[in-house]
Amino acid sequence: MTKPRAARPSLTRRHMLAGLGGTCLLAPEVGFAQAPGPAAKPVAEPQRQTLVAAPTKVRLRPSSPVDTEIWAFDGTANGSALRIKQGETLALKLENKTTAPLDLHWYGLRGEAERDGAASFTRPPIAPGETGEFRITPPDSGTLLYRPLRAGSSSEPAGRGLSGLVIVEEKEPLPVDLDLPVLVTDWLIGDDQALQPFVLQGNAGASAGRLGSWLTVNGRSPPQPISARPGARIRLRLANACNARIMRLRFDGGKATVIAVDSQPTESFAPVRSQLPFAPGARYDVILDLPIEVGAAVNISALIGGGLPLVRIVTAGQPQVPPAAAPALKLNPALPLGVRMQDALRPELVIEGGAKLTEDQKLDFSGLDLARPWRVNGGTGSFDGKPLFSVKRGTPIVMAIDNRTAFVQPFHVHGHSFRLLHPLDDGWENYFLDTVQIPERKKLHIAFIAENPGRWLISSTVLERFDLGLWSWFEVT
């Protein structure tokens, strides 16, 4: 098979339905001996942070007369963004004052499997009342999302509010007027403002995913108000920390340019119709150039119902000279320019289960096995079973993900970045991903180099489905 040709750096309707794919950079083939690098530099002292996960009360709805009891890091819903420089080590101490065992998975962190944070798979969880440490040294710059991930018990701690961002700053930061994290979460709360019960087993609707009744941005009621000078340039770091809500984002009033997807730099592009797909676990870095008029309004909205503004920016003050063309990030030289398709291992992951779709396009949960509503290759995720595949480091992988369900299925490949292939394997999208949406009753193919040793999950990012076994794993030796 000949080498696929790369796609244009733009999104079409087909791209938007399928999700986003990845740009490619050169990686060594199997057996390639890399030249020795420069002498090792002295190891810098790690940046030390402490997070306390504990119950707290917050006013999620501003019109509510009472607070909602949630779980939070340091008393702040969805925590505050942690920042480190590329190449630095973050030594994070986690004090668990909740009633659930906790571990944290880092979406976008490539490298060592034992630091992936999939509890009971790569390391034991931190028990209630105990303290543990995470030590990560991100090899790449970018926007990382962290949230609890432990098979069988991820939905509740995440749905109670435990999530956050780690911003790994480039060694040469982009010139922007504001670097703004935007962490989106939804909450299932009742009329009494209390979080509704967390139910998985025996509840067909809950097994499909917990959809909240209220949405927040950085732990606060939307829209988040921002005032900026006319002509200013803002870097948005967008991340979806919802348990199950799949949505689309729309940018109105300003010029939006995507510069990174799922923590990896990309060739800059403008979103088609000013919209982006936004599944749980997804992240985007977007440059937003504001109008030069005083009093102009710019909205970033979730396309839920008639549209829900998440961030509202109003220009005020003395106009500044609009910047030149949007800045671009340097592409990651550690990621592969190409995958030798003819040499690739071709595993298949088949997703089945969930409700059936009736002729009038309604979901039918009758006959659903509530104990095992989701299946991957005929079974459910098991740490004791055989891996989906086991390969030597450097092996090219072309994986088929066949969604035979009536639900869109967002899936995340741990520890690796991949490319989304065209339907005929004749090209790929110019974007790296670690999370992809597979439309209902569709099959997609992804390609990557299995370059990081260890055992890695490939898992649903809808946490209720993950807890019920919608995941598999592979091994790199």
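Trainee: Which side chain does Glu-45 meet in a salt bridge?
Mentor: The side chain of Arg-48, at 3.5 Å, N to O. A salt bridge here is a side-chain nitrogen of Lys or Arg within 4 Å of a carboxyl oxygen of Asp or Glu. Before you go on, this is a predicted model: local features need pLDDT of at least 70, side-chain atom pairs count only at pLDDT 80 or more, and totals for chains, interfaces and linings use all residues. Residues are numbered from 1 along each chain as its sequence is written, and side-chain values use heavy atoms, with hydrogens and water left out.

Trainee: Are Glu-45 and Arg-48 buried or exposed?
Mentor: Both Glu-45 and Arg-48 are exposed. Exposed means over 50% relative accessible area, buried under 20%, and partly exposed in between, with a 1.4 Å probe and protein chains only.

Trainee: How many salt bridges does the structure hold?
Mentor: It holds 25.

Trainee: What does Arg-235 pair with?
Mentor: Arg-235 forms a salt bridge with Glu-170, at 2.9 Å, N to O. That pair links distant parts of the chain, 65 residues apart: Glu-170 is in the loop between β9 (164-169) and β10 (178-187), and Arg-235 is in strand β13 (residues 233-240). Strands (E, at least two residues) and helices (H or I, at least four) are DSSP runs, numbered from the N terminus.

Trainee: And are Glu-170 and Arg-235 buried or exposed?
Mentor: Buried, both of them. They also belong to a network of salt bridges that links Arg-83, Lys-85, Glu-169, Glu-170, Asp-179, Arg-235, Arg-237 and Asp-285.

Trainee: Moving to β6 then. Which of its residues are buried?
Mentor: In strand β6 (residues 104-107), Leu-104 and Trp-106 are buried on one side, and His-105 and Tyr-107 on the other, so both faces are covered.

Trainee: Which strand does β6 pair with?
Mentor: β6 pairs with strand β8 (residues 142-148), antiparallel, over 4 bridges. Two strands pair if DSSP finds at least two bridges between them. Tyr-107 has Leu-145 as its bridge partner in β8.

Trainee: What is the strand order in the open sheet with β12?
Mentor: The order is β12-β20-β19-β14-β17, 5 strands with mixed pairing. The edges are β12 (224-228) and β17 (275-278); each has a single partner strand, so one side of each has no neighbour in the sheet.

Trainee: How are β14 and β17 joined?
Mentor: Strand β14 (residues 247-252) and β17 run antiparallel, joined by 4 bridges. Phe-278 in β17 is the bridge partner of Met-247.

Trainee: And the open sheet with β25, what order does that have?
Mentor: β25-β33-β32-β27-β30, again with mixed pairing. β25 (390-391) and β30 (435-438) are the edge strands, each pairing on one side only. Strand β27 (residues 409-413) pairs with strand β32 (residues 454-460) in the antiparallel sense over 3 bridges. Val-413 has Ile-458 as its bridge partner in β32.
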